[in-house]
Amino acid sequence: MKPLLSILCCFTVIVPAMWAQESNPRFLFDRFEKGVVIYSNGSPATESLFNYDTLTEKLLFMLPDSSMMELDMPGIISEVKIGDRLFEQVNRNAFYEKAEAGENILYIRWKSKLPVIKKEGPYGMISETGAIDNIDQIAFMGSLYDFNKKKDLPLISVNIYYLKVKNKFKRFDSFNGLAKIIKSQQEEIKTCIKEKSLDFNNREDVKRALEECILFKVE
């Protein structure tokens with residue numbers, strides 16, 4: 001397998017910041033992990049070091065000088081395997097994790113958002129903002145945020161889950177939403193989830209719901 005840089009240099013966009021390799025709250029993995037790109041046209045896989053930025057929802061790879069680039073190859077990549085975890089390119093540069101859950105596959109769109117910070121304004125008025133001190137900043141959605149200075153920033157997890165039904169992604173935001181996708185088992189699924197006291201905010205419990213409460217493969 002060839003290093004990823006030699007293959008992707010014409011298709012990537014440099015991320016407008018450089019971060020150290022240690023754990024950062026916006027990254028899915030504690031450090032950049034070895035992985036391979038699997039191409040949709042059957043070309044030989046290429047390898048690099050990868051991580052996933054949950055704030056910008058970008059899959060990144062690291063260059064030899066420790067700078068990072070966005071993996072942006074629409075229509076060319078099928079999947080990216082990072083360690084034993086698999087990410088499918090679902091559209092342009094969006095990657096969802098594929099997690100086996102019994103007979104089914106749980107698709108996870110890893111996503112986080114900035115906490116609302118309340119600041120006291122003129123005359124004692126309180127305003128809400130997501131902005132942080134402007135030091136070593138990164139541009140994001142028209143605003144500037146500092147992640148080198150405040151790596152302990154408590155980002156809020158807002159992951160989104162999907163099942164693939166008839167080749168279309170069906171989003172669910174609760175266990176009731178999951179049950180509605182599978183109408184033939186709707187009440188049984190609700191009862192099973194209640195009996196097992198599953199927590200939708202726990203990713204492992206979402207997987208358990210698919211593994212233990214859905215009796216057949218959803219297609």
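Good morning. I begin with lysine 168, which sits in strand β18, spanning residues 168–172. Please bear in mind throughout that this is a predicted model. Lysine 168 counts as exposed, because its relative accessibility is 56%. Lysine 168 also belongs to a surface patch of positive charge, where Lys166, Lys168, Lys170, Lys180 and Lys183 gather.

With a relative accessibility of 65%, asparagine 167 counts as exposed. Serine 66 also has a positive phi, of about 75 degrees, although serine 66 is not a glycine. Serine 66 is found in the loop between β5 (58–62) and β6 (68–70). Its relative accessible area is 26%, so serine 66 is classed as partly exposed.

Let me turn to the aromatic residues. Across the whole structure, a search finds eleven aromatic pairs. One of them joins tyrosine 161 and phenylalanine 172: the ring centres are 6.0 Å apart and the planes stand at 20 degrees, so this pair is stacked. The partners come from distant parts of the chain, with tyrosine 161 in strand β17 (residues 160–165) and phenylalanine 172 in strand β18, eleven residues apart. Are these two residues, tyrosine 161 and phenylalanine 172, buried or exposed? Both are buried.

Phenylalanine 172 has another partner, phenylalanine 200; here the centres are 6.1 Å apart and the planes are at 70 degrees, so the arrangement is edge-to-face. Phenylalanine 200 lies in the loop between α3 (186–196) and α4 (203–213) while phenylalanine 172 lies in strand β18, so this pair ties together parts that are 28 residues apart in sequence. For phenylalanine 172, the relative accessible area is 1%. Phenylalanine 200, at 18%, also counts as buried, because the limit for that class is under 20%. Elsewhere, Tyr96, Tyr107, Tyr162 and Phe169 make up one aromatic cluster.

I come now to the charged side chains. In general, side chains of opposite charge can pair when their charged atoms come close. In this model the count of salt bridges is twelve. Among them is the bridge between arginine 26 and aspartate 53, at 2.7 Å from N to O. Arginine 26 belongs to the loop between β2 (13–14) and β3 (33–39), and aspartate 53 to strand β4 (residues 46–53), so that the pair links distant parts of the chain, 27 residues apart. Arginine 26 and aspartate 53 are both buried.

A further bridge, at 3.2 Å from N to O, connects the side chains of lysine 164 and glutamate 88. Because lysine 164 is in strand β17 and glutamate 88 in strand β8 (residues 85–91), this contact ties together parts 76 residues apart in sequence. Lysine 164 is partly exposed, at 25%, whereas glutamate 88 counts as buried, at 11%.

Which side chain meets that of arginine 208 in a salt bridge? The partner is glutamate 212, at 3.1 Å from N to O. Both residues lie in helix α4, four residues apart, about one turn of the helix. Arginine 208 counts as partly exposed, with 29% relative accessibility, and glutamate 212 is partly exposed with 35%.

Thank you for your attention.

Note on methods
Residues are numbered from 1 along each chain as its sequence is written. This is a predicted model: local features need pLDDT of at least 70, side-chain atom pairs count only at pLDDT 80 or more; totals for chains, interfaces and linings use all residues. Side-chain values use heavy atoms; hydrogens and water are left out. Patches are made of residues with over 30% relative accessible area and no salt bridge: like charges are joined within 9 Å, nonpolar side chains (Val, Leu, Ile, Met, Phe, Trp, Tyr) within 5 Å. Accessible areas come from the Shrake-Rupley method with a 1.4 Å probe; for residues, only the protein chains shown count as cover. A salt bridge is a side-chain nitrogen of Lys or Arg within 4 Å of a carboxyl oxygen of Asp or Glu. Lys and Arg count as positive and Asp and Glu as negative; His and the chain ends are not counted. The place of a charge is taken as NZ of Lys, CZ of Arg, CG of Asp or CD of Glu. Helices (H or I, at least four residues) and strands (E, at least two) are DSSP runs, numbered from the N terminus. Buried means under 20% relative accessible area, exposed over 50%, partly exposed in between (1.4 Å probe, protein chains only). Rings of Phe, Tyr and Trp (its six-membered ring) pair if their centres lie within 6.5 Å; planes under 30 degrees apart count as stacked, over 60 as edge-to-face and the rest as tilted.
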